[in-house]
2 protein chains.
Amino acid sequence: MKNEKKISTPVLRRLPKYYRHLEELSRAGVEKISSKELSKLINVTASQIRQDLNCFGGFGQQGYGYNVESLRDSLAEILGVTKRYTAVIVGAGHLGQALANHNTLSRSGVDLVGLFDISPDVVGIDVAGLTVMNIAQAFHFCSENQVDLAILTLPKGETSTVANMLAEAGVKGFWNFANTELSVSNKSVSIENVYMGDSLMKLCYDISAQDL
Amino acid sequence: MKNEKKISTPVLRRLPKYYRHLEELSRAGVEKISSKELSKLINVTASQIRQDLNCFGGFGQQGYGYNVESLRDSLAEILGVTKRYTAVIVGAGHLGQALANHNTLSRSGVDLVGLFDISPDVVGIDVAGLTVMNIAQAFHFCSENQVDLAILTLPKGETSTVANMLAEAGVKGFWNFANTELSVSNKSVSIENVYMGDSLMKLCYDISAQDL
């Protein structure tokens, strides 16, 4: 299925969650699931689930529920997981290396094709089967190889300069771990800022509320 | 200010975002801000912001806006950032080491007091000023030191066993990076599951939508 129209952001934020659970259900051998059962797993109301999934023509059947495998495959296609994207990691410190070795990339349809760093301690070492290159080569490498995505695990101060340079080289999306809102002068690029601290703060709040 | 009642989850999910931006504004020397200006920065409607912040007695003044510093301090107190929490990291691989060295912990009010791993390659090495201990010592260490939080950067299969053991040792909250929904038999603990892949999938979708 081709996604003819843009999906709204709130719906889109829930789709990976549905997909993740359907993947697990499918691996566990579950063949069908109702919106009610899915609701319990996912912590989204059943009516919200039905509404979200109806956006794509509705895959469910009244009284039967959803076919797990076919719903998973449809979501995979909508999310573009079945497409492959190429990515580079800029900043090959601990976080960069952790992401390079993490199965999150491949499960999201992303193939890592290069890693870059500025530090002589890291340039030249092998990470996840790739040799870390000098950041000076990043522009050439990304435009030559038509790299789709850059994963930025750099110090805050350097992130924006690097992202602008890579956008010039044709990189279309940035997954930014610098804990700051990234802005790129090229308006057409896509950006996801990751703020790991937000969920940690929520956790701390929950802990302090345990004592109330 | 003491939070007398539990804040709803959707509001709570937005508070760290407000706090983060107010911290940045304060560092930049901004003294006051209206809900409208804040709305542009944060991508939440001005009326939503006013409604959220009204939950706590309302810190804003009509026609003046919010005092950045005092709003930041109030949010810090509500979120419990002014309180300190102790944490251990279980799984001292790349991701564990990245988090140990990341300022996200200290900025969220969390002090790292121990790291554990099972691998002889990692046990005994120094990370962020601490010596990685053998996982066999984790139970004793956490109950002895009344550790609040455990950050789990372990393989999926081991996460649940370790979390249950640590909950027995008195750990109150789990920040779980195993990309799976963690369940702990002790119902009173708090859990935040981090799914890094979700934002990556959204990014891939956005990239594929650029071409539409």
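Me: At what angle do helix H1 and helix H4 of chain B pack?
Reply: In this predicted model, helices are DSSP runs (H or I) of at least four residues, numbered from the N terminus. H1 of chain B covers residues 9–27 and H4 of chain B covers residues 68–79, with their axes 9 Å apart. Axes are lines fitted to C-alpha atoms over the stretch in contact, and angles run from 0 to 180 degrees between N-to-C directions. The packing angle of H1(B) and H4(B) is about 140 degrees.

Me: How many nonpolar residues has the contact of H1(B) with H4(B)?
Reply: Two residues are in contact if their C-beta atoms, placed from the backbone, lie within 7 Å. Among those making the contact are B:Leu15, B:Tyr19 and B:Leu22 of H1(B) and B:Leu71, B:Leu75 and B:Ile78 of H4(B). Ala, Val, Leu, Ile, Met, Phe, Trp, Tyr, Cys and Pro count as nonpolar, Asp, Glu, Lys and Arg as charged, and the others, Gly among them, as polar. Besides one polar and three charged residues, the contact has nonpolar residues numbering 12.

Me: By what turn can chain A be laid on chain B?
Reply: Copies are superposed by least squares on the C-alpha atoms of residues with pLDDT (the predictor's confidence in each residue, from 0 to 100) of at least 70 in both. The RMSD is 0.0 Å and the shift along the axis is 0.0 Å, with a turn of 180 degrees. The two copies are therefore related as by a two-fold rotation axis.

Me: Which residue of chain A comes closest to the rotation axis?
Reply: The distance is taken at the C-alpha and amounts to 2.6 Å. The residue of chain A in question is A:His94.

Me: Which element supplies the largest share of the side of chain A that touches chain B?
Reply: In all, 47 residues of chain A are in contact with 47 residues of chain B. Elements that each supply at least two residues of this side include helix H1 (9–27), helix H5 (94–100) and helix H9 (196–210) of chain A. The largest share, 15 residues, comes from H9(A).

Me: What percentage of the residues of chain A score a pLDDT of at least 70?
Reply: Local features need pLDDT of at least 70 and side-chain atom pairs count only at 80 or more, while totals for chains, interfaces and linings use all residues. Residues are numbered from 1 along each chain as its sequence is written, and chains are lettered from A in the order in which they are written. Chain A averages a pLDDT of 88, and the share of its residues scoring at least 70 is 93%.
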